[in-house]
Amino acid sequence: METNYETIVIGGGVVGSGIAYHLSERYKEGVLVLDKKYPMSGTSGSTQAWVWVHNKTPSWYAEFSMYSAELYPYLSKKIGDVEYKRTGGLSPFFNESDREKAQKLAESYRKIGIKIKVLSREEVLEKEPYMNPEVAGATYSSIDGNVNPFRLIDMYMRAAKRNGVRYSTYNRVTEIRQVNGKYLVVSDKGAFECKNLILAGGTWSREIGDMLGVKIPVNQLRGQILVSEPLKPFLNFTISGLRQANNGEVLMGYSMEEAGFNRATTLDVIQETANMAVRYVPGLRKAKIVRAFSGIRAMPEDGFPILGNVPGYENLYVAATHSGVTLSPLIGTLITELIMDGETSIPIDRYSLSRFG
Ligand SMILES: Cc1cc2nc3c(=O)[nH]c(=O)nc-3n(C[C@H](O)[C@H](O)[C@H](O)COP(=O)(O)OP(=O)(O)OC[C@H]3O[C@@H](n4cnc5c(N)ncnc54)[C@H](O)[C@@H]3O)c2cc1C
């Protein structure tokens with residue numbers, strides 16, 4: 001295998017593969033993606049995969065997510081059907097007292113061009129007839145949706161490979177050194193040299209950063225998801241808590257637990273998740289649960305993406321974030337712009353690693 005590349009991306013999840021694909025659209029120099037396992041083995045293969053905008057706070061972060069959601073239809077056109085569905089998103093509330101909070105959210109989003117409606121109980125039930133009739137209302141935004149994360153990564157990889165990107169899987173990076181103004185990336189399958197190095201190791205970002213003495217403050221936050229048997233299509237929207245996939249399975253849950261890298265599923269969270277799902281959609285009581293899985297979020301210390309140049313290093317870039325499925329097309333676009341043009345079409349200063357001091 002070739003050992004000299006213009007650019008190496010460490011991590012082939014939805015973030016790293018998104019960057020590699022977007023780079024390959026503009027840039028025919030050698031790009032190599034290295035993954036210690038395979039591209040769906042990390043968080044990107046264990047996610048709800050909502051493309052979610054509404055009720056992200058503060059509103060500038062929602063705005064950033066909106067730009068990414070807007071790229072999805074075009075992305076599907078370019079790389080193929082990733083089962084992206086702009087279903088619209090519903091965030092139900094069960095107490096009338098929450099309506100005021102919902103209205104404040106809608107008001108703050110109006111200023112940035114995200115239209116949120118605050119629905120009455122009747123409007124919610126009209127849109128989503130299987131929702132619990134005890135619902136008091138919901139916020140609704142038409143921009144939310146979901147995607148099939150496996151198809152997304154698969155299509156990214158196929159398109160990237162067609163454009164000349166190389167992938168090396170089951171190949172763990174163990175050491176990174178700077179040699180003569182380049183990066184020497186030492187891996188299980190040999191050493192590779194590159195000019196540009198992109199750190200997209202998701203929840204393992206901290207240990208990859210340590211190889212260069214760069215502190216990337218990303219922590220682990222486990223999430224457990226229940227999956228039902230395939231049911232006839234009956235849910236219309238992406239509901240903050242559950243969604244129905246194209247094959248009829250309902251994916252339920254969004255737990256957040258500090259469990260390090262432990263990917264176990266646990267009975268207490270499974271029960272809480274089942275209760276939440278039944279509260280939202282009582283008919284799910286009858287559904288058979290066929291499996292539960294867990295994933296480990298890459299959670300930056302302050303919750304916001306870490307993107308862009310690594311301060312103090314030439315040609316070294318980082319992309320580590322929660323909500324990486326939502327943000328993937330935008331991150332791919334912006335990191336490509338940064339490498340190719342030296343600037344980005346949307347400012348990313350607030351996401352710089354330098355904010356952590
Ligand atoms: C339960 C749950 C629900 C979620 N729901 C949503 C959602 O609805 N919407 C949304 O947008 N986001 C959601 N997320 C978050 C989203 O899934 C992640 O932000 C996204 O998958 C991160 O992608 P990534 O490419 O950064 O990381 P990963 O997919 O983990 O990819 C990182 C890759 O780096 C590789 N790697 C690590 N170390 C090395 C090394 N030393 N050498 C070589 N390779 C290495 C790994 O093998 C891995 O493949 C959810 C996450 C969880 C856990």
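Here is a short walk through this structure, from its ligand to one of its helices. The model is predicted, so local features need pLDDT of at least 70 and side-chain atom pairs count only at pLDDT 80 or more, while totals for chains, interfaces and linings use all residues. Residues are numbered from 1 along each chain as its sequence is written, and side-chain values use heavy atoms, with hydrogens and water left out.

Let us begin at the ligand.

Next, look at the backbone around the ligand. A polar backbone atom of V15 is 3.0 Å from a ligand oxygen, and one of V173 is 2.9 Å from a ligand nitrogen. At S323, a backbone N or O atom lies 3.3 Å from an oxygen of the ligand. Of the 1,000 Å² of accessible area that the ligand has on its own, the protein covers 98% (Shrake-Rupley method, 1.4 Å probe).

Finally, follow α8. In this helix, 15 of the 18 residues are buried (under 20% relative accessible area, with a 1.4 Å probe and protein chains only). A kink of about 35° is centred on L330, the angle being taken between axes fitted to the seven residues ending there and the seven starting there. Just after α8 comes G342, with a positive phi of about 75°. Helices here are DSSP runs of H or I with at least four residues, and strands are runs of E with at least two, numbered from the N terminus.

Note on methods
A polar contact is a pair of N or O atoms within 3.5 Å; within protein, one must be able to donate a hydrogen and the other to accept it, and residues adjacent in sequence count only if both atoms are side-chain atoms. Buried means under 20% relative accessible area, exposed over 50%, partly exposed in between (1.4 Å probe, protein chains only).
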